[in-house]
Amino acid sequence: MEEKKPHWIHDEVTDSTSVTGKKYLVSCTCSECGYHANMEKSICPQCKARMKD
């Protein structure tokens, strides 16, 4: 079984003009600790998880 790596989960909003019906925002949440950041970073400032490339 493949191990899941830490990653950023981007915030999204509904957008009727988009093909998918949603638009992803720059702000995101760490998949490991739930820290909410205003933009992606290579390492989470709170839990120090190294994000996948």
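**The hairpin and its surroundings**

Modeller: Let's start at the turn: the hairpin of β2 and β3 has five residues between its strands, and Gly34 there takes a positive phi near 85 degrees. A word on where this comes from: it's a predicted model, where local features need pLDDT of at least 70 and side-chain atom pairs count only at pLDDT 80 or more, while totals for chains, interfaces and linings use all residues. Residues are numbered from 1 along each chain as its sequence is written, and side-chain values use heavy atoms, with hydrogens and water left out.

Strands here are DSSP runs of E with at least two residues, helices are runs of H or I with at least four, and both are numbered from the N terminus. Two strands pair if DSSP finds at least two bridges between them.

Cys28 is a handy landmark. In β2, Cys28 stands opposite His10, and its bridge partner in β3 is Ala37.

Now for Ala37, which is found in strand β3. Ala37 counts as buried because its relative accessible area is 3%; buried means under 20%, exposed over 50% and partly exposed in between, with a 1.4 Å probe and protein chains only. Leaving aside residues up to four places away in sequence, Ala37 touches Trp8, Ser27 and Cys28, where contact means heavy atoms within 4.5 Å. Leu25 is 12 residues from Ala37 in sequence, and their C-alpha atoms are 11 Å apart in space.

Zooming out, the protein chain has zero helices and three strands, running β-β-β from the N terminus on. Its radius of gyration is 13 Å, whereas a compact globule of 53 residues would come out near 10 Å; that radius is taken over C-alpha atoms, and the globule rule is 2.2 Å times the number of residues to the power 0.38. Along the principal axes, the C-alpha atoms fill a box of roughly 35 × 30 × 15 Å. Buried residues make up 19% of the 53 residues. As for contacts between residues at least 6 apart in sequence, 24% of them join residues at least 24 apart.
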